[in-house]
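Biologist: Please give me the overall picture, then a close look at a single residue and its surroundings.

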Amino acid sequence: MIFLTGLVVVGLLTWASWRSFQDNESRLLASHAKEAAQVINAAVPSVQTPLAAAAELADATGGNRNDFTEFIQSFVGKQAPFVSASLWRLDEPTAGPLAVVGASPMLADKPGRAEDFFSRVSRTSTLGVTDLLEGPSRRLGYEYHFANRGPFAAYAEAALPADRRATIARNAAFSELHYAIYLGNGTEAANLLTTDSTQPLTKSTHSKVVVPFGDSALTLVFSPRGTLGGALAADLPWIIAGAGVVFAAGAALAAETLQRRRRRAEDLAGALDVAAAEARALYAEQRSIALTLEQALLPESLPQLEGLEAGCRYEPGTMGVEIGGDWYDLVPLGDGSVFFAIGDVSGRGVRAAAVMARLRFAMLAYADQGDPPDEVLRKLSSLLHIEDSGHFATALCGLIRADRHEVVVANAGHLPFLVLDGSSSRFIVEDVGPPIGVTEHPVYRVATIHVPPRATLLGFTDGLIERKGESIDVGLGRLGVVARSNQHLSLDAMITSVVEELTREGTDDDAAILGVRWTT
Amino acid sequence: MDDLNAPLSVSTTDTPAGPVITVGGELDASNIDRLRSEVDSQLASRPETLKFDLSGITFMDTSAIALLISTTKTGVPVRILAPSVPVRTVIEMTGLADVLVMEP
C-alpha cells in the first residue's frame with residue numbers, strides 16, 4: 001500500500017515537473033521571439049536613416065542630382081545595404097528616376113509599378129516598403145519622403161537571397177531558433193523573405209510575432225531547434241522520476257520516510273534554482289542585446305585630431321533591458337574645424353534608439369554641408385515632433401577650432417558642457433534654446449567660447465549626474481568637483497575615473513560622456 | 001525597485017479656475033503612467049487650463065517633462081504652480097521656461 005501510494009506521488013511529481021518544463025519552453029520561446037523581433041526592428045533605422053537624409057538633402061537642394069549621388073553612393077554596393085538607389089519626383093513617377101546609383105531599379109521595370117507605389121506612399125510619412133519578389137533577382141524596395149515638404153523621394157532596393165534560405169548574422173536572439181520572415185501580416189509562401197529551415201515552421205511548435213516595418217509589416221515565425229531550457233531542464237522530469245522510484249522504495253521502509261521527504265524537498269528546491277538561473281541568464285542576454293544595439297549605433301572609434309586629444313564612454317544604466325537614446329559624435333570637417341555633438345532622446349526602447357539614429361545622422365549631414373551649429377539644431381527640429389512620436393531630444397553641438405582655441409556652440413535644452421583649465425572649472429550655460437521636437441519654430445543662438453591652452457571640454461548626458469531626491473544643479477556641482485580632482489590624468493584615464501566615481505552607486509539611466517583636450 | 005522611491009502622490013482639486021493636479025514625491029519612468037492617466041481623465045472634460053501644483057516634487061526626470069510638453073500640445077494651456085527647486089531647475093536648464101509656464 002505504501003509502495004503504491006509512493007508510485008502515485010512519483011507519477012504526480014513527474015507530471016508536474018514535465019508541465020512546468022513545457023510552460024518554461026513556451027515562455028522562453030515567446031521571449032526569444034520578442035528579442036528577435038527587437039533585433040529586426042532595430043534594423044529599420046539602418047534603412048530609413050540614409051533615405052531620410054537623402055530626401056532631406058534633395059528637398060534642401062531642389063533635387064540636385066550630384067548632391068544626391070555623392071551622398072547615397074556609400075550606401076550602395078557589395079558591402080552596403082542597397083544594390084540600387086534612385087531619386088524620384090513623387091508627383092511625376094512616370095518620368096522615371098532623376099538619378100540612379102548602382103543597378104537600375106526593378107521598380108521601373110514594369111509599366112505602372114512606380115506610379116502605383118508612389119501614389120500609395122505619397123499619402124503616408126513613414127518608410128514605404130514594396131515587394132519585388134517575382135523573378136530571379138528578388139528585392140525589397142524602400143522609399144522615404146517628407147510630407148508637406150519638397151516633391152522628392154529617395155528610393156532604394158535591397159537584394160534578398162535568391163533561394164529564400166539564408167543564415168542571418170548569428171546573433172544571440174536567433175541562436176536555438178529556426179526562423180522564417182515574411183513580408184506583410186500573413187505567412188503565405190509567396191511572401192517568404194528568408195528562412196533557415198527547409199520545412200514550414202508553422203507545422204511544429206512555433207511562436208509568431210508581427211513587427212511594423214515602414215508602411216508594411218514583417219511576420220516572424222520561430223520554432224525551437226532543440227529544447228530551449230537546456231538539457232538539464234528537459235531531463236528534470238526523469239531525474240525526479242528516478243529519485244522518486246528510490247523514494248517510493250524507501251517509503252515502503254517506513255523508517256526512512258522522513259529522510260526521503262526531505263530529499264524530495266531538496267530536489268524541488270534544486271528545480272527552483274534552475275528556473276531562477278534561467279531567468280537571470282535570459283535577463284543578461286536581453287541586456288547584452290540592448291547594449292550591442294546601442295554600441296552599433298554609436299561611432300566605432302573617435303578620429304585622430306590635430307592639436308586635440310579625444311575620449312568617450314558609454315555607461316549603461318543598471319535598470320532595465322531596453323536600449324537608451326544617448327549619443328555623441330566627433331567628426332573633423334574639411335575646413336579644419338571639428339564638429340562635436342552630444343544628445344539624449346527622451347524615453348527608452350527601440351523607438352527611442354531609432355529617433356536617436358535619425359537625429360544623429362541628419363545632424364552629421366547638416367554639419368557636413370557647412371551649416372553652423374544653430375542652423376543644425378533648427379533644421380533638426382523639423383525632423384521630430386513630440387505630438388507624433390512621443391519623444392523629444394536634448395542636444396548640444398558645436399564647432400571646435402583647435403588652432404584658434406575657440407569653440408562655437410549651440411544648445412537645444414541639453415546640459416551645459418564643462419570647461420576645465422588647471423585651476424578652474426565652469427559650465428557653459430548661455431543661450432539654451434528649447435529641446436528638439438518641442439516647439440514649431442525654435443530659436444537657437446551660437447555662443448563663441450575662448451578655450452585656454454591645455455584645457456579640457458566635457459559634454460555628457462543626464463545619467464552621469466542625475467540622482468533621486470536632489471536637484472540637477474547639485475549633480476552638476478559634484479561633476480565639477482570630481483572632474484577637477486582628476487584632470488591631472490590623461491584624458492582617457494580621467495574620463496574613466498569620473499564615470500567610475502559618479503556611477504559607483506549605480507545609475508538607473510544610461511550615461512554618455514565625450515571629452516576633448518587641447519594638447520597645446 | 002519602486003519601493004525605493006519616495007512614494008508618488010497624485011490628487012486633483014477642482015477650483016473655480018479649473019482643475020489643479022497636485023503631484024508630490026519622485027516622478028520618473030517607473031511611475032509616470034499614474035500621472036498620465038490622471039492627466040488624460042482631466043483632459044477628457046476639456047478644461048480651459050490645466051494646472052499642476054509641483055511644489056512637493058523632490059525629483060523628476062525627462063519622462064515627466066515629456067508628459068508635461070505633450071499636454072501643452074493638446075491645445076489646453078498648462079501652468080506649473082509653485083515649482084519646487086528641482087522642478088524649476090530642470091525646466092530652466094532645458095530651455096523650456098517659455099513652453100512650461102511657471103507661476104510664480
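Modeller: Chain A holds 10 helices and 20 strands, where helices (H or I, at least four residues) and strands (E, at least two) are DSSP runs numbered from the N terminus. This is a predicted model, in which local features need pLDDT of at least 70 and side-chain atom pairs pLDDT 80 or more, while totals for chains, interfaces and linings use all residues. Residues count from 1 along each chain as written, chains are lettered from A and ligands numbered from 1 in written order, and side-chain values use heavy atoms, without hydrogens or water.

Of chain A's 520 residues, 51% are buried (under 20% relative accessible area; exposed is over 50%, partly exposed in between; 1.4 Å probe, protein chains only). Among contacts (heavy atoms within 4.5 Å) in chain A between residues at least 6 apart in sequence, 66% link residues at least 24 apart.

B:Arg88 sits in helix H3 (residues 85-93) of that chain. Its relative accessibility is 28%, so B:Arg88 counts as partly exposed. Leaving aside residues up to four places away in sequence, B:Arg88 touches B:Pro83, B:Met102 and B:Pro104. B:Ser55 lies 33 residues away in sequence from B:Arg88, with 9.8 Å between their C-alpha atoms.
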